[in-house]
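Please keep the sequence and the 3D view open as you go.

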Amino acid sequence: MSDTSRILCPVLSKRLMSAEEAAEMIPAGAKVGMSGFTGAGYPKAVPGALAERIRYLNAQPNAKPFRISVWTGASTAPELDGVLAEVDGIEMRLPFQSDPICRSRINNGTMDYVDYHLSEVSQYAWSGFLGKMDIALIEVAGIREDGSLIPSSSIGNNKTWIEQADKIIIEVNSKQNAKLEGMHDIYYGTALPPNRKPIMLTDPADRIGEQYLACPPEKVIAVVETAAADRNSPFKPSDDVSKKIAGHILDFFNKEIELGRLPKELLPIQSGVGNIPNAVLEGLDSGPYKGLTAFTEVIQDGMLKMLKSGTLKVASATAFSLSPAGIEEFDENIDFYRDKIILRQQDISNHPELARRLGVIAMNGLIECDLYGNVNSTHIMGTRMMNGIGGSGDFARNGYLSIFVSPSTAKDGAISSIVPMVSHVDHTEHDVKIIVTEQGLADLRGLSPRQRAHEIINNCAHPDFRPALIDYYERALHSGRGMHTPHLLEEALSWHQRYEETGQM
């Protein structure tokens with residue numbers, strides 16, 4: 001341990017060891033809660049060492065498969081999900097992932113996967129629904145003298161994992177900016193029913209908790225020092241489709257302000273991760289808006305720019321999701337951002353009651369939407385998992401506005417994002433208020449199913465698919481089977497079937 005070590009607790013400094021030694025302490029069959037949320041704040045050394053151990057043990061004659069269950073906050077990175085999936089080391093994964101190797105194993109049936117609303121994971125673990133957690137593996141930015149932990153670039157479910165696990169392994173990452181200390185707000189007032197109390201957060205800028213993670217030293221079995229950066233993939237520049245989608249949303253906001261249904265500062269923004277959400281944030285930053293707030297899951301590049309310009313005055317989240325340029329900007333100007341960014345655990349950042357009370361404007365992506373506003377955001381052709389529902393359901397059902405966005409086609413025009421019936425339902429028509437593609441925006445509020453169908457087809461469907469959608473709808477309408485939500489059951493999923501057979505809807 002060097003003089004510049006971030007392990008200041010004498011008791012825990014005695015448990016310093018290599019990643020390989022720490023990995024030896026994780027047995028086959030263990031349920032392991034790991035830190036990490038959208039490629040931020042995940043352990044980077046021990047998972048790799050564990051993967052090598054699994055590879056070696058599984059190669060021995062007559063070896064029994066060595067696999068563990070991996071619970072996280074959300075997606076992580078190749079150094080965690082990727083390396084463990086590659087050696088077939090994950091038996092069960094929850095609650096969200098985006099790794100291509102994990103995805104392949106989930107879809108070929110060699111890895112079990114449970115896709116949860118992110119706000120519910122902590123409660124499920126706490127209630128015992130998921131079984132007993134054996135080990136928590138948590139990355140932190142430092143350990144204080146009293147043994148409390150300085151959180152890293154994400155919090156996610158770390159509070160719950162530390163509380164619920166029998167044993168704890170800590171990775172102390174000196175690559176994380178030391179000035180992250182003080183940006184976190186960890187609330188220790190949660191409880192299970194019937195002992196819950198109101199959460200006294202009435203503004204995204206409120207701080208209601210502690211700056212540090214409480215960690216019983218007697219639970220800690222290993223401490224590992226690392227110096228590795230988070231995964232930070234660059235965002236693609238906004239293309240014409242993204243800019244058109246952003247333009248439709250901004251026009252909608254301006255009209256809502258004119259009608260008095262939104263204040264000029266809008267309402268707290270929640271935004272999913274990706275190029276389209278970043279294009280919307282860029283549009284907001286170039287508009288007349290000032291003093292906006294964000295109550296969301298992740299801080300993206302666009303939010304840093306908005307904070308810098310004054311368009312956004314505060315952003316509350318559970319993690320960062322920054323490009324390399326965004327990381328550089330944040331590190332160089334962290335003193336500016338310190339009092340404008342608050343990182344909370346995800347059962348608070350995604351809390352349904354808080355989203356409902358604050359009146360969040362939720363903006364998330366979709367894979368497909370049907371004529372009546374049901375949204376599939378997780379499955380390809382109804383059976384193959386993409387990533388997971390993430391936090392979109394937490395905000396869509398409870399937000400003041402739930403906006404779902406997508407290009408109108410995919411696979412170079414072979415797939416329509418607007419279909420007669422979705423092949424999997426994540427967000428029912430009852431929770432979906434606005435659909436946006438580059439073609440236009442459909443405001444579904446106050447509309448019956450048949451009225452929604454007209455809005456979605458005429459405003460959001462690509463012209464190449466619009467005639468076929470109209471034909472399906474008209475024939476369903478006059479089929480005599482029922483006119484409330486007209487469908488032709490024998491044809492409802494025929495578009496998906498045709499794509500599976502021909503590669504073209």
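## Two cis peptide bonds

P95 sits in the loop between β3 (90-94) and α5 (100-107); helices (H or I, at least four residues) and strands (E, at least two) are DSSP runs, numbered from the N terminus. The peptide bond leading from L94 into P95 is cis, with omega near 0 degrees. This is a predicted model, in which local features need pLDDT of at least 70 and side-chain atom pairs count only at pLDDT 80 or more, while totals for chains, interfaces and linings use all residues. Residues are numbered from 1 along each chain as its sequence is written, and side-chain values use heavy atoms, with hydrogens and water left out.

Another cis bond joins P193 and P194, where omega is about 10 degrees. P194 belongs to the loop between β8 (184-185) and β9 (220-226). For context, most peptide bonds are trans, and most residues other than glycine have a negative phi.

## Positive phi in loops

Is L266 buried or exposed? L266 counts as buried, at 4% relative accessibility, where buried means under 20% relative accessible area, exposed over 50%, and partly exposed in between (1.4 Å probe, protein chains only). L266 is not a glycine, yet its phi is positive, at about 55 degrees. Look for L266 in the loop between α8 (240-258) and β10 (269-271).

K411 also has a positive phi, near 55 degrees, and is a residue other than glycine. K411 is exposed, with a relative accessible area of 60%, and lies in the loop between β22 (409-410) and β23 (415-416).

## Around S323

S323 is in the loop between β14 (319-320) and α11 (324-332), and is buried at a relative accessible area of 5%. Leaving aside residues up to four places away in sequence, S323 touches N232, S233, P234, F235 and D301; contact means heavy atoms within 4.5 Å. The side chains of S323 and D301 are joined by a polar contact of 2.4 Å. Such a contact is a pair of N or O atoms within 3.5 Å; within protein, one must be able to donate a hydrogen and the other to accept it, and residues adjacent in sequence count only if both atoms are side-chain atoms.

D301 is one of the buried residues of helix α10 (residues 301-309), along with G302, M303, L304, M306 and L307. After α10 comes G310, with a positive phi near 90 degrees.

Helix α16 (residues 449-460) has 12 residues and reaches 16 Å from its first C-alpha to its last, close to the 16 Å expected at 1.5 Å a residue. Its buried residues are P449, R452, A453, I456, I457 and C460. Seen down the axis of α16, they fall within an arc of 125 degrees, so they line one face of the helix; the arc is that of the directions from the helix axis to the C-beta atoms. Among the elements that this buried set packs against are β17 (368-370) and β24 (418-419).

β17 and β24 belong to an open sheet of three strands with mixed pairing, in the order β18-β17-β24; two strands pair if DSSP finds at least two bridges between them. β18 (375-376) and β24 stand at the edges with a single partner strand each, so one side of each is left without a neighbour in the sheet. β17 and β18 run antiparallel and are joined by two bridges, and C369 has V375 of β18 as its bridge partner.

Key. The expected span of a helix is 1.5 Å times one less than its number of residues.
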